Amino acid sequence: MTTNENTHTHAPRMNLTEAIPSATYKAVIALDAAARKGVDPVIAELVKIRASQINHCAFCLDMHIKDARKAGETEERVYLLNAWEEAASYYTEKEQAALALTEAVTVLTDGFVPDAVYARAAAHFEEEELAQLIALIATINVWNRFSVTTRKTPGAV
C-alpha cells in the first residue's frame, strides 16, 4: 500500500483508562452519567454524535451511532445529522435547538455561545433540563478530546 499526505494512519498512543489515575477517569464517567439524567435519550445521542462529528472523534462516532441505532434511531437521521440545518424537517424544533447549542458550545467560534443560540435552546428546555444538556455537551467534548488525543481505535472497548 502506498501512502500519501492524504492517507492518515493513526495507531493508538496510549490506553487512557490504564494511564490516568482511576479517580480522574471515574469522575468523568460520573459526570457523564449525571449529565444524561433528565435529557431525552434521543437528543442525548444526537448531541453526542454531532459533537463527535465536529471534533473528528472516530471512536465516539462509532460508539454513539451504534447506541443511537440500538435506541431505535433511523439511519436516515444519523446520515443527515452532519447537515441537520439543511435537513431540518427530519428533526424536531427541540432537537434542532439542542444541535445548535451543541455546535456553539463545541466550537466556541467567537469565544462564546451566541445569545440567540442560547435563547433558542432555553425556549425548548426547562432550566434544569437545559443545565443537564449543557453538562452533556461539555462531557462529550471531554470524551472526544481524550479519544482523539490518545487515538482510541473505533470499535475498541
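I began at the N-terminal end of α3, in what is a predicted model, and found that Asp40 caps the helix there, with a side-chain oxygen 2.6 Å from the backbone nitrogen of Val42. At the other end I looked up what comes after the helix, and noted that α3 is followed by His56, whose phi is positive, near 55 degrees.

I then checked the length of α3, which runs over residues 41-54 and has 14 residues. From the first C-alpha to the last I read a reach of 20 Å, close to the 20 Å expected at 1.5 Å a residue.

Next I asked how many of the residues of α3 are buried. Among the buried residues I listed Ile43, Leu46, Val47 and Ile49, together with Glu45, Lys48 and Arg50. For what covers them I wrote down several helices, including α2 (22-36), α4 (58-70), α5 (75-80), α6 (93-107) and α8 (127-150).

My last entry concerns Arg50, which is found in helix α3. Is this arginine, Arg50, buried or exposed? Its relative accessible area is 9%, and because buried means under 20%, I recorded Arg50 as buried. Leaving aside residues up to four places away in sequence, I found that Arg50 touches Leu81, Asn82, Trp84, Leu99, Thr102 and Glu103. I also noted a polar contact of 2.9 Å that joins the side chains of Arg50 and Gln53, and Gln53 is itself one of the buried residues of α3.

How values were computed:
Residues numbered from 1 in each chain as written. Predicted model: local features only at pLDDT ≥ 70, side-chain atom pairs only at ≥ 80, totals over all residues. Heavy atoms only, no water. Helix = DSSP H or I, 4+ residues; strand = E, 2+ residues; numbered from the N terminus. Expected span 1.5 Å × (residues − 1). Buried < 20%, exposed > 50% of the residue type's maximum accessible area, 1.4 Å probe, protein only. Contact = heavy atoms within 4.5 Å. Polar contact = N/O pair within 3.5 Å; in protein donor to acceptor, adjacent residues only side chain to side chain.
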